[in-house]
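Biologist: Hi, I've just opened this one and I'm new to it. Could you walk me through it?
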Amino acid sequence: MLPTAPPGLAKKSPACIPPGQVGKRYGTRIGDTLRVRDYMLIRDLDRYGLEQRRGWNYYRDDGRIYRVDSGTRKILAVLNLIDAFAN
């Protein structure tokens with residue numbers, strides 16, 4: 001069971017952040033840390049015309065592909081999925 005936020009923190013933006021998550025920002029913009037468990041790892045790079053490099057992984061959702069640093073999970077690039085198929 002998750003702890004409830006104290007009344008003062010529940011109204012702040014962002015709302016109460018669990019201990020250990022303070023300072024971590026997850027998102028879908030360049031420089032954000034990607035929560036890789038929420039996305040599908042792309043293993044067939046040729047299918048999408050993606051460049052293979054050591055230290056890069058690619059993940060996708062319904063509309064975008066994310067180039068991610070394999071060590072830090074920081075987003076290096078965001079590609080529209082439709083653009084990947086157009087190449």
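Biologist: Leaving aside neighbours within four places in sequence, what is asparagine 57 in contact with?

Modeller: Asparagine 57 is in contact with Leu41, Tyr66, Arg67, Val68 and Ser70, where contact means heavy atoms within 4.5 Å. Bear in mind that this is a predicted model: local features need pLDDT of at least 70, side-chain atom pairs count only at pLDDT 80 or more, and totals for chains, interfaces and linings use all residues. Residues are numbered from 1 along each chain as its sequence is written, and side-chain values use heavy atoms, with hydrogens and water left out.

Biologist: Which strand does asparagine 57 lie in?

Modeller: Asparagine 57 is part of strand S2, residues 56-60. Strands (E, at least two residues) and helices (H or I, at least four) are DSSP runs, numbered from the N terminus.

Biologist: And how far is asparagine 57 from aspartate 69 in space?

Modeller: They are 6.4 Å apart, C-alpha to C-alpha, and twelve residues apart in sequence.

Biologist: OK, zooming out. How many helices and strands does the protein chain have?

Modeller: Three helices and four strands. From the N terminus on, the order is α-β-α-β-β-β-α.

Biologist: What percentage of the residues count as buried?

Modeller: 21% of the 87 residues. Buried means under 20% relative accessible area, exposed over 50%, and partly exposed in between, using a 1.4 Å probe and protein chains only.

Biologist: Switching to rings. How many aromatic pairs are there?

Modeller: The count comes to two aromatic pairs. Rings of Phe, Tyr and Trp (its six-membered ring) pair if their centres lie within 6.5 Å; planes under 30 degrees apart count as stacked, over 60 as edge-to-face and the rest as tilted. Tyrosine 39 and tyrosine 66 make an edge-to-face pair, at 5.3 Å centre to centre with 70° between the planes. Tyrosine 39 sits in the loop between H1 and S1 and tyrosine 66 in strand S3, so this pair ties together parts that are 27 residues apart in sequence.

Biologist: Is tyrosine 66 buried or exposed?

Modeller: Tyrosine 66 counts as buried, at 0% relative accessibility. As for tryptophan 56 and tyrosine 58, their ring centres are 6.4 Å apart and their planes at 90°, so that pair is edge-to-face.

Biologist: One last topic: where is threonine 33 found?

Modeller: Threonine 33 is in the loop between helix H1 (7-10) and strand S1 (40-41). Threonine 33 is buried, with a relative accessible area of 13%.
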